Amino acid sequence: MSYLVRGYLEEDELPPKPSRERLEERNVAYIECPQEIPCSPCIESCKYDAIKMENINAPPEVDYEKCNGCMQCIRVCPGLAIFILRIKDGKGYVTLAYEFLPWPKKGQEVVLLNRKGEEVGKGKVTWVLPPEKNDHTSLVRVEMDPELIFDVRAIRIIEG
Amino acid sequence: MRLEDHPIVEFKRGKEVTIYFNGKPIKAYEGETVASALYAAGVRTFSRSFRFHRPRGFFCAIGKCSSCLMEVDGIPNIRVCKVYVKDGMQVRTQNSFPNADNDLLGVLDSIIDRFYPHGSHYKKFNRPRILREFITKRVRGFAGTGNPPKKVFEGEASFEEIETDLAVVGGGPAGMSAAIFAAKAGARVILMDENPFLGGQLVKQTHRFFGSGRHRAGTRGIRIATILADEIKELKNIDVRFETKVFGIYDGIVGAVEKEKKLLRIKPKKIVVATGAYERTLIFENNDLPGVYGAGGVQTLMNVYGIKPGNKGLIVGSGNVGLILTYQLMQAGVKVAAIVEAMPRIGGYFVHAAKVRRLGVPIYTSYTIQRAIGKKKVEAAEIVKLDENWCPVKGSEKRIECDFICIAIGLSPTHELLYQAGCEMKFVPELGGLVPVRNKYGETTVEGVYVAGDVAGIEEATAAMMEGRIAGIDAAIKIGYGGDEALKIREEVVRDLKEFREGPFGARIVAGLQKVTMEEGGA
């Protein structure tokens, strides 16, 4: 439970990672929600029966083969703990929930941050779900080095 | 200080009005409280403390702390966080000369305190008796709260007698749910709240809620407030009384004052008390300095009235409230210097901590605040590491630059009304303090008086809504409404709530509830 001392997950505390082949096939949901809390919107939103949760307090487990990458779960997760991952044509993509001003725009260059808030590089916004379509939680897809998709968990807009 | 743009909330400000602060005009907007209008104008000292004339300012924002007492239109000791601005309103600081910002009697705190420290009026000059009496008189001359009123009530007072099935005290998540579920079963309900709006503290919860979809998880607290208020509007058998303060329950009769002028004598068959909770404070040097706020107070200021509390904050406590507040401050464009947590681990949900940690906010576990630094307002804070025996480690002090400090160390139930009604109370630390003994449907030891929400034990809004539903529907059933369908719904919610509490976060609540839940039936 040392993640509760730090406030972020270390490599050995991460949930199992989907394979490179799976990541290259289509989008996949990666849920970083290791603690037992009473919460279940993700499983309720999943149409593909891809999320397993024994009871409302159990942490969710994703079956990467069943997950279709439809992004219903990331829209509703109150913990903003779901990230949609993808590798395509040698490039990595992370889709994350974003709730700050200014809203990111497609084509914009952004600073990539890891779980500790440290800068790990720069990426480009390739797709945005506008905030008004999802009760003010925008979804932002950022293109980056494929090696970074299990590290990057936040972005910062470059001002000016 | 006023926020124009916000990622989640759209601030709809009313007509621009002018209020006067110690005679000086201040711009305000209709619908705003006096406290928030003053805050937005940069006023930090609202009055002076009654004995040592220390600066007093904004703290809880929901009328529970007495830190913001001022003179409004000639009437002293008004909680300005509960009074809404009106054009031409005259607001004055009290217990000070010439004003609270530059109070001559402030010498009592800054100079005399060195020779006659706080608390010494209990110890010094006790003997001989004649000296004690002399000194006591002099000291009392300096003390006191406010001046005599310059005006008396001029409106017309009236009286109304109401007979109904269910009286609900408090229009927050628990009270609203109780009213809705009782009304749906067929009961006539009167729902009273001291605010001019329903929703309680939901109105400042801009984040999405946890729980199950059936209990509105994934929906923002502010939307839940609207959804419930709309549902209440639809139900014709709910009579909502805004700005109504319930002051007592006397043998099943509820006494209340509506809009400061109408006395209500309500004879319900059952009563649900859902009065919520108030924020706790923490002991540290200078903890009364303006700039030290309750976490919920800051949420009200920022998310309800759209006013920034400052430029950079320090958060004390890493429970869900502290973590969520940190995120909300950042959403409003306010920097957070750090979160300190006395426990060796984060108290709230990990996912909330991860949300702010990945934006670079440091979380210091095993740290606490040692003192607030500043003369008339917070200019910095000093934090210190705690060893395994919770003792400060010498030499580990760190200065944190900040202009406000949020205390997010928990809440205490607003239990006074239950106590007055004669309910058997117990002090249960797991539930946050004094709570009533009750059965599994929330009925206390006083027959027909139910309890629901934070006043029954500090938990969170999802559980409060479930408790409200259970209390409301059980009250309706006992009166004779609803039939088998109502019984089914009641048992369903009881089951959902039990499941909700089955995890480690619920374990503490369950342990607390075991100490106050009666086996069968109730009174």
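Mentor: Two residues are in contact when heavy atoms lie within 4.5 Å. Please keep in mind that this model is predicted. By that cut-off, A:Leu85 touches several residues beyond its sequence neighbours, among them A:Leu23, A:Tyr30, A:Tyr93, A:Ile149 and A:Phe150.

Trainee: What place does A:Leu85 have in the largest nonpolar core?

Mentor: A:Leu85 is one of the residues that touch the most other members of this core of 110 residues, a group that also includes A:Ile82, B:Ile19 and B:Phe46. The largest share of the core, six residues, comes from helix α1 (residues 34-40) of chain B.

Trainee: How do you know that the length of helix α4 of chain B agrees with its number of residues?

Mentor: The expected span is 1.5 Å times one less than the number of residues. For the 14 residues of α4 (residues 129-142) of chain B this comes to 20 Å, and the end C-alpha atoms are 20 Å apart, so the two values agree. Just after α4 of chain B, B:Gly144 has a positive phi of about 130 degrees.

Trainee: Why is the pair A:Arg115 and A:Glu32 called a salt bridge?

Mentor: The rule asks for a side-chain nitrogen of Lys or Arg within 4 Å of a carboxyl oxygen of Asp or Glu. The N to O distance in this pair is 2.7 Å, so the pair meets the cut-off of 4 Å. A:Arg115 lies in the loop between β6 and β7 of chain A and A:Glu32 in the loop between β1 and α3, so the pair ties together parts that are 83 residues apart in sequence.

Trainee: Which salt bridges does B:Arg220 form with chain A?

Mentor: B:Arg220 meets A:Glu99 at 2.9 Å, N to O, and A:Asp135 at 3.7 Å. A:Glu99 and B:Arg220 each lie in a loop, one in chain A and one in chain B, so this pair joins two chains. A:Glu99 is buried at 4% relative accessible area, and B:Arg220 is buried at 1%.

Trainee: How many salt bridges cross the interface of chain B and chain A, and how much area is buried there?

Mentor: The rule finds three salt bridges across the interface. The two chains bury about 3400 Å² between them, 58% of it on carbon and sulfur atoms. B:Arg208, B:Phe350 and B:Arg358 supply 25% of the area that chain B buries against chain A.

Definitions and conventions:
Residues numbered from 1 in each chain as written. Chains lettered and ligands numbered in written order. Predicted model: local features only at pLDDT ≥ 70, side-chain atom pairs only at ≥ 80, totals over all residues. Heavy atoms only, no water. Core = buried A, V, L, I, M, F, W, Y, C linked by side-chain atoms within 4.5 Å. Buried < 20%, exposed > 50% of the residue type's maximum accessible area, 1.4 Å probe, protein only. Helix = DSSP H or I, 4+ residues; strand = E, 2+ residues; numbered from the N terminus. Buried area = accessible area lost by both parts, 1.4 Å probe. Lists of a residue's contacts leave out its neighbours within four places in sequence.
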